[in-house]
Amino acid sequence: IFIWRHIFNLILSNSNPERILFIGLSPEVVELAEYLKSNPQFGLFPAAFMSSPDESEFGLSPLYPIEKDVKDIIIKHGIQIIVISKNIADNAAFIKIFFEMLPLGVRIIHFPLFYETITGKLPVSLITESWFLENFADKKYSLYEKGKRIFDIILSLFFLIPTILLLPFIAAAIILSTPRDVLRHRELRARPGDGLVLFKQRRVGKSGASFSFMKFRSQVLGAEKMGEKKELTEDPRQYPIGKFLRKSYIDELPQIINVLRGEMSFIGPRPERLEYVELLKQKVPFYEMRHMVAPGLTGWAQINMKNDASVEDALEKIQYDLYYIKNRSFSLDLDIFLRTIVVVLSRSGR
């Protein structure tokens, strides 16, 4: 598969790419243009840019003023796709010009849709409340949701048997690897019901409802009181057996109970702690929209991001989560499920 993909990318790189004209600039446009230039296998090339005077600081080339004749630019650069920003799409004069371009075989695409198609995430800084109404208000997911729930129950029952069989061995490994002096200090437990073997934590699920999220304990007792230390190579919250449980994803097995209860699904945005949600709702645009669906054991963000655990990663994470919510389907869920298996087998997830 690796050799075939390499050959396929070479073929695409050497073929004639579709040439793109971007009208209206933003940091996201610059980011995407650079991404396309460094990934010729997409078969898309940013050939020209048009902007207003206040957008000229981005340093893109060739750059034309917004007053320039669009038809001349299309002919000069052999443009096949025009990608327009929202302010351009709302301009009546430009709409008339684009209508006249249609006989030339030029495709007109709104930037958020183009960005979403290429990157697999949504540019939250460029969408508004009305965008959500346009893309979610009239969509029907009832058949999909029912089918997904049946799939969740069947898969949960399938994994439940090996989980029960492994439980005594996992519990013994956790207890035996915990220092005796720690075993005596029950006050180290974060909250009532949070045990030595099974870790429980309140997290936010569908429609903002909280639930008791469960894992096998992969960090030392009292880790929750030590604060966040995700970037440290020597994390004092970790211990050898716990690191193995996390690396192999065995610590996630108790969440099968959450799935059976209907609190979680196998596929969906990862649930966050209550205090994180309140913080991120203030810092990240449209963060509460990720609660439109049930959270999952794995998700679109998890297979596309190297790190998704910190507050700093939340902005990129919500872009992937919103892409999943907008495009969720049986085929996308299957893609995530199969790619998660690859991640688990390669133990490259965390």
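1. A surface patch, as the term is used here, is made of residues with over 30% relative accessible area and no salt bridge, and nonpolar side chains are joined into one patch within 5 Å. In this predicted model, F2, I3, W4, I7 and F8 form such a nonpolar patch on the surface. Together the five residues have about 600 Å² of accessible area.

2. F8 lies in helix α1, which covers residues 2-14. The relative accessibility of F8 is 40%, so F8 counts as partly exposed.

3. Some totals for the chain follow. The chain has 350 residues, and buried residues make up 44% of them. There are 15 helices and nine strands. The accessible surface comes to about 19,200 Å², and carbon and sulfur atoms hold 62% of this. Among contacts with a separation of 6 or more, 71% are between residues 24 or more positions apart.

4. H77 is part of helix α3, residues 70-77. Its relative accessibility is 13%, and buried means under 20%, so H77 counts as buried. The side chain of H77 makes a polar contact of 2.6 Å with the side chain of Y64.

5. Aromatic rings deserve a separate point. The count of aromatic pairs comes to 12. One of them is F132 with F286, a tilted pair with 4.8 Å from centre to centre and 50° between the planes. F132 is in helix α7 (residues 129-136), while F286 is in the loop between α12 (274-283) and β9 (296-298). The pair thus links distant parts of the chain, 154 residues apart. Both F132 and F286 are buried.

6. A further pair is F151 with F337. The ring centres of F151 and F337 are 6.1 Å apart and the planes are at 85°; planes over 60 degrees apart count as edge-to-face, so this pair is edge-to-face. F151 lies in helix α8 (residues 142-176) and F337 in helix α15 (residues 330-346), so the pair ties together parts that are 186 residues apart in sequence. F151 counts as partly exposed because its relative accessibility is 38%. F337 also counts as partly exposed, because its value is 22%.

7. Rings can also be joined in groups. F22, F49 and F114 are linked into a cluster by ring pairs.

Methods. Residues numbered from 1 in each chain as written. Predicted model: local features only at pLDDT ≥ 70, side-chain atom pairs only at ≥ 80, totals over all residues. Heavy atoms only, no water. Patch = residues over 30% accessible without salt bridge, like charges linked within 9 Å, V, L, I, M, F, W, Y side chains within 5 Å. Areas by Shrake-Rupley, 256 points an atom, 1.4 Å probe, with all protein chains shown as cover. Salt bridge = Lys/Arg side-chain N within 4 Å of Asp/Glu carboxyl O. Helix = DSSP H or I, 4+ residues; strand = E, 2+ residues; numbered from the N terminus. Buried < 20%, exposed > 50% of the residue type's maximum accessible area, 1.4 Å probe, protein only. Polar contact = N/O pair within 3.5 Å; in protein donor to acceptor, adjacent residues only side chain to side chain. Contact = heavy atoms within 4.5 Å. Phe/Tyr/Trp six-rings, centres within 6.5 Å; stacked < 30°, edge-to-face > 60°.
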